Amino acid sequence: MATYIVLLGPPGVGKGTQASRLSQQTGLAHISSGDLFRENLKNQTELGKLAQTYMSKGNLVPDDVTIAMIKDRLGRADCAAGAILDGFPRTPAQADALETMLRDFNGQVNAVPFISAPQEVLVERLGDRWTCRASGHIFNEKSNPPKELGVCDFDGSELYQRDDDKAETVKRRIEVYMEQTTPLITHYRDHGKLIEINGLQSIEQVTHSLMDALKNRS
Ligand code: AMP
């Protein structure tokens with residue numbers, strides 16, 4: 001049976017960084033809904049252009065569009081053993097849709113690590129975040145700087161600051177998270193799947209806590 005891990009937590013808490021590290025350690029595919037939208041935008045697809053109208057304001061892309069994109073992605077060969085989901089689901093409707101689609105893929109959500117940190121830390125981290133153009137690798141100019149300023153350590157591509165990491169948009173993204181995504185914490189806790197992780201630890205410590213907690217779950 002395939003293994004699916006959902007990483008839950010507010011914007012800026014480190015879901016992307018941790019999903020990528022977990023993917024390396026477990027061999028499961030890293031599926032980031034935000035990266036998929038940004039890739040579509042880079043390729044100027046209709047989906048990318050549509051998503052951008054929501055992303056630029058810090059709002060969520062509509063559920064039907066997002067669910068269809070994720071279903072397509074999870075159906076590809078590299079997800080046969082399962083996946084680490086980063087940024088999806090973000091609403092109760094998406095969580096329901098995920099359950100239904102995973103049944104088709106002979107799986108279920110095995111564990112939901114919920115990484116948390118206080119709001120002021122999130123705002124600061126997003127302001128210091130640099131993202132790689134080619135593959136979305138993430139750096140932080142204070143806590144996790146690249147070896148060379150403005151250049152990705154992994155693929156040498158340019159690092160840029162995301163438009164939606166600007167203070168105004170960050171405020172809205174956190175609001176949207178509070179309104180639309182936090183109900184999932186209760187949902188997965190009630191289903192016995194939630195694992196609480198302290199996002200104030202170092203990157204290495206968070207990965208260690210995640211791997212430790214996941215050992216007993218999959
Ligand atoms: P992220 O890279 O996860 O911070 O996502 C960036 C933006 O992409 C979000 O602010 C949303 O506009 C959009 N997005 C990403 N994932 C989802 C999702 N599951 N549902 C709706 N919109 C999403």
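This is a predicted model: local features need pLDDT of at least 70, side-chain atom pairs count only at pLDDT 80 or more; totals for chains, interfaces and linings use all residues.
S2 is joined in the parallel sense to strand S3 (residues 82–86) over four bridges, and Ser32 stands opposite Asp86 in S3. S1 and S4 run parallel and are joined by two bridges; here Tyr4 has Val109 in S4 as its bridge partner. S4 is also joined to S8, again in parallel, by five bridges. Across this pair, Ser116 stands opposite Asn198 in S8. Strand S4 is largely enclosed by the rest of the structure, because seven of its eight residues are buried. In a regular strand, side chains alternate between the two faces of the sheet.

Phe37 is placed in helix H2 (residues 33–42). The relative accessible area of Phe37 is 6%, so this residue is buried, the limit being under 20%. With neighbours within four places in sequence left aside, Phe37 is in contact with Leu47, Gly48, Ala51, Met55, Val61, Thr66 and Met69. One of these, Met55, is 18 residues from Phe37 in sequence, and the two are 8.9 Å apart in space, C-alpha to C-alpha.

Asn40 is also found in helix H2. Its relative accessibility is 19%, and Asn40 therefore counts as buried. Apart from neighbours within four places in sequence, the contacts of Asn40 are Thr45, Leu47, Gly48 and Met69. Leu47, Gly48 and Met69 are also among the contacts of Phe37.

The other sheet is open, with three strands in the order S6-S5-S7 and antiparallel pairing. Its edge strands are strand S6 (138–140) and strand S7 (159–160), each of which pairs on one side only. Strand S5 (residues 129–132) and S6 run antiparallel and are joined by three bridges. Within this pair, Trp130 stands opposite Phe139 in S6.

Two packed helices are described by the angle between their axes and the distance between the axes. For helix H6 (residues 119–127) and helix H7 (residues 167–181), the axes come within 10 Å and cross at roughly 135°. This angle makes H6 oblique to H7. The crossing of H6 past H7 is right-handed. On the H6 side, the contact is made by Gln119, Leu122, Val123 and Leu126, and on the H7 side by Val170, Arg173 and Ile174. By class, the residues in the contact of H6 with H7 are five nonpolar, one polar and one charged.

Definitions and conventions. Residues are numbered from 1 along each chain as its sequence is written. Side-chain values use heavy atoms; hydrogens and water are left out. Buried means under 20% relative accessible area, exposed over 50%, partly exposed in between (1.4 Å probe, protein chains only). Contact means heavy atoms within 4.5 Å. Axes are lines fitted to C-alpha atoms, for helices over the stretch in contact, and angles run from 0 to 180 degrees between N-to-C directions. Angles under 35 degrees count as roughly parallel, over 145 as roughly antiparallel, 65 to 115 as roughly perpendicular and the rest as oblique. A crossing is left-handed if the near helix is turned anticlockwise from the far one by less than a right angle, and right-handed if clockwise. Ala, Val, Leu, Ile, Met, Phe, Trp, Tyr, Cys and Pro count as nonpolar, Asp, Glu, Lys and Arg as charged, and the others, Gly among them, as polar. Two strands pair if DSSP finds at least two bridges between them.
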